[in-house]
Amino acid sequence: MCGRFALYTEPARIAHYFGASLAEGHDGEHEPSWNVAPTDEVLGVRDRPLRREATEGQGEKEAETREAERILMTFRWGLIPWWSKDAKGGSRLINARRETVLTKSSFREAFEKRRIIVPADGFYEWRRADGAPMAFAGLAERWRDKNAPKDSPPIRSCTVITTPAGPDMEGIHDRMPVLLDPSTFDLWLDPYNEDTEELRALLQPLPAGTMVHHPVGPRIGNVRNNDPGLVEAV
């Protein structure tokens, strides 16, 4: 289970770490948060397929290349499958279990086609031992409210994949977010890769010593508290 995490590094630094460009609009102005909760806005790294216009013939559709651009953009935390009738269920789909990500209808198509990385500075009570940003394996969707005005933008939403806990979580919790190693970023984000078994093999806990932990105070339990003091050891 991953129900709270921290994301306070500025978007430009996160984009640089992942080799991504900032999406147009307000994505580069994402506010820092030491208490990210379900339905909050988070950042996500996605490889978006590039398309080029066909140069021969009239009325031809765009021809797709095998290239992609890496973008850092915002998502609402809590997946809203594209076929949902409303957005209410998103608050319950903040996590997708590794064991059922290929069988549950809420996640299956997103796993095949819309994989992202959700950056984080830590999740309670954890941070990486080397201080580098954490890279949660995530899935994304675009949902449009059929009852909203036609010019209303779709909602981009996401979920974080969890796995049975690794050795660094011993005695703390039986599950943890999937943390991707930098060597797997390209494979995970490749929008043309639909080898689900190869991708699912990446969803493993990292080796012992990847993370360090410390206890924090009870103020984290209130979503209205959001300041650097939340991550301080007690």
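1. Residues are numbered from 1 along each chain as its sequence is written, and side-chain values use heavy atoms, with hydrogens and water left out.

2. The average pLDDT (the predictor's confidence in each residue, from 0 to 100) is 87 for the chain, and 91% of the residues score at least 70. Over residues 54-62, however, the pLDDT is below 50, and this stretch has 7 contacts (heavy atoms within 4.5 Å) beyond near neighbours in sequence. Where pLDDT is low, the predicted coordinates should not be read in detail.

3. The chain contains 4 helices and 13 strands; these are DSSP runs numbered from the N terminus, helices being H or I of at least four residues and strands E of at least two. Of its 234 residues, 45% count as buried. Here buried means under 20% relative accessible area, exposed over 50%, and partly exposed in between (1.4 Å probe, protein chains only).

4. In helix α1 (residues 11-18), the buried residues are Pro11, Ile14, Ala15 and Phe18. They lie on the same side of α1, because they cover an arc of only 100° around the axis, the arc being that of the directions from the helix axis to the C-beta atoms. Arg13 and His16 are exposed on the other side of α1. Gly19 follows α1 and has a positive phi, near 65°.

5. Strand β11 (155-164) is largely enclosed by the rest of the structure, because 7 of its 10 residues are buried. Two strands pair if DSSP finds at least two bridges between them. β11 pairs in the parallel sense with β6 (residues 95-97) over 3 bridges, and Asn95 stands opposite Val160. β10 and β11 run antiparallel, joined by 6 bridges, with Leu139 opposite Thr159. β12 (residues 175-177) also runs antiparallel to β11, through 3 bridges; Pro164 stands opposite Arg175.

6. Ala148 lies in the loop between β10 (134-143) and β11. Ala148 counts as partly exposed because its relative accessibility is 27%.

Terms used: This is a predicted model: local features need pLDDT of at least 70, side-chain atom pairs count only at pLDDT 80 or more; totals for chains, interfaces and linings use all residues.
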